[in-house]
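Trainee: I have a model open and want to learn how to read it. Can we go feature by feature?

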Amino acid sequence: MGKLDVAILRYLTGEDFRVLTAVEMGMKNHELVPGSLVASIANLRHGGVHKLMKELCKHRLLTYERGKHYDGYRLTNAGYDYLALKALTNRKVIASFGNQIGVGKESNIYTVADEDRNPLCLKLHRLGRTCFRNIKSKRDYHAHRNNASWLYLSRISATKEFAYMKALYDRDFPVPKPIDFNRHCVVMQLVNGGPLTHVTAVEDPGALYDELMNLIVRLGNCGVIHGDFNEFNIMIDEDNHPIIIDFPQMVSTSHSNAELYFDRDVRCVREFFKKRFGYESDLYPKFSELERDDVLDTEVACSGYKRTKDVDNDLLEEMGIGLEVSDDEADSEDDDQDAAESANKYTEQDLDELRKEVDASIKNDETVINQITEIT
Ligand code: ADP
Ligand code: MG
C-alpha cells in the first residue's frame, strides 16, 4: 500500500492555501466554482489568482471542468487532503507521514507521527463523490441542497467520528485516544494490534465474547449503538483485549430503527464466534433489557455535527451516511443550472461574507482547537 503523497505540502505557499480555501468555500454553493468568484473571495492583494489556479491544476489539487452551463474549478480529493493535512501540520498535531495501513469501505488509514515521533493513526474519510443511487428518488430535495457534496459528507463523517470517539474515550471505553480532526481527517492513537478478523484462535473465546457483549450493553446503556460492530471494527490489542474503532455510523438508542441495529451488532458477534471459534452461548443481550444511565447520544448531537449548516441531518439520515452510501455519477445538470444562475447573483455583501468565511477558516486551521493531552 502506498505512501501519502505529501511532498507538495512543503512547496505550496500561503497564497495557494488561500486560493484552495476559496474554492472550498465556493463549493458550498457550486459544483464548479467560476474562476472570477474564486478570485473575488480569495481576495489576494496582488491579483494573479488565475495563475495560481493554473499551477494548482497542474499539481492536480484543483481541476478545471466544463459544465453544461458554465465552466469552473473544483477541489480534487488531493486538494481537499492537502487543506486538511496542511491545517493539521500547522497546528503541530502531525509532523511526518508514514505508510497506508488500511483501507476501509469509506476511508484510507495511514500512520503519521507528531513532532516527538510518537506514532499516530490518520483516517481520511472518503464518502461517495457525488450522487447517491439510493436517493435518486429524492433528487428534487437534493437539487435544492446542491451543497451536499462528497466534500461535506466526508467532513460530516469525520466530525461525527471524532465526537463519538471523544465521548467514548472520556467514559473509559476501550477506543483509540482521539487527538484532533480537520475537515475529513481524524487523528487518533495508533492501536497496537490487529483486527479481530485476523485472529485465528483465542485462549478463552467465552471471556472475549462476554467482554464484547458487555461493551454492546454498556454502549446501549449510554444511549448509543455502534452500528457496525463486526470483526473488522474490533481490534485486539497486545493484551488480547478489544479496542473498538470506526464510529461515523453510530446511532442513538432512541433512533426509530435502534432495535434493528442493536440486534444486528449482537448477531455479528454471535455469528463470528460460532464460525471462527466454534463458540456458542445462549446468553446474549436484548434491546429491551437496556438500562439507560447516560446521555452520550444527545451529548454528541449537541457537540456540533448536527448543527452544521452545510448539510442538513435529515438528508444524511435518508442517505444512510456511514451505512450504505454508494457512489454514482451525478446527474448534476440541475445543480449546474442553479449554480450558473446564482453565480451571477452575488451581491457585494455576499462576497464579503464569503471572504470572511475564508479568513475564519484559515484562522481556524492555524490554531490548536483540541487540547487533549499527549498519549501516555
Ligand atoms: P472504515 O470506516 O473505512 O471501515 P476503519 O476505521 O474501520 O475504516 O479502519 C479500517 C482499518 O484500518 C481497520 O480495520 C484497521 O485495520 C485499521 N485501523 C483503523 N483505525 C486504526 C487505529 N487507530 N490503529 C490501528 N489501525 C487502525
Ligand atoms: Mg471499518
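Trainee: Which residues of H4 are buried?

Mentor: Some ground rules. This is a predicted model: local features need pLDDT of at least 70, side-chain atom pairs count only at pLDDT 80 or more, and totals for chains, interfaces and linings use all residues. Residues are numbered from 1 along each chain as its sequence is written, chains are lettered from A and ligands numbered from 1 in the order in which they are written, and side-chain values use heavy atoms, leaving out hydrogens and water.

Mentor: Now the terms. Buried means under 20% relative accessible area, exposed over 50%, and partly exposed in between (1.4 Å probe, protein chains only). Helices (H or I, at least four residues) and strands (E, at least two) are DSSP runs, numbered from the N terminus. In H4, the buried residues are Val-49, Leu-52, Met-53 and Leu-56.

Trainee: Which exposed residues does the face turned away carry?

Mentor: Lys-51, Lys-54 and Lys-58. The buried residues of H4 are covered by elements including helix H2 (14–26), H3, strand E1 (62–66) and strand E2 (71–75); contact means heavy atoms within 4.5 Å.

Trainee: How do I read a sheet?

Mentor: Strands of a sheet pair through backbone hydrogen bonds, either parallel or antiparallel. Two strands pair if DSSP finds at least two bridges between them. In this model, 5 strands form an open antiparallel sheet in the order E3-E4-E5-E8-E7. Its edge strands are E3 (96–103) and E7 (178–182), each pairing on one side only.

Trainee: How many bridges join E5 to E8?

Mentor: There are 5, and the two strands run antiparallel. For example, Cys-121 has Met-188 in E8 as its bridge partner. Helix H5 (residues 77–90) packs on this sheet, touching E3, E5, E7 and E8, and its direction makes about 135° with that of E7. Helix H7 (residues 150–170) lies across E5, E7 and E8 at about 160° to E7. Axes are lines fitted to C-alpha atoms, for helices over the stretch in contact, and angles run from 0 to 180 degrees between N-to-C directions.

Trainee: Which strands form the sheet of 3?

Mentor: The order is E9-E11-E12, open and antiparallel. E9 (193–195) and E12 stand at the edges with a single partner strand each, so one side of each has no neighbour in the sheet. Helix H8 (residues 205–222) lies across E11 and E12, at about 25° to E12.

Trainee: What are the protein donors of the magnesium ion (ligand 2)?

Mentor: Donors are N, O and S atoms within 2.8 Å of the metal (3.2 Å for Na, K and Ca); water is not among the atoms, so sites may look incomplete. Here they are Asn-233 (OD1) and Asp-246 (OD), lying 2.1 Å from the ion. The two are 13 residues apart, with Asn-233 in the loop between E10 (224–225) and E11 (234–237), and Asp-246 in the loop between E12 (242–244) and E13 (251–252).

Trainee: Is Asn-233 buried or exposed?

Mentor: Asn-233 is buried, because its relative accessible area is 7%.
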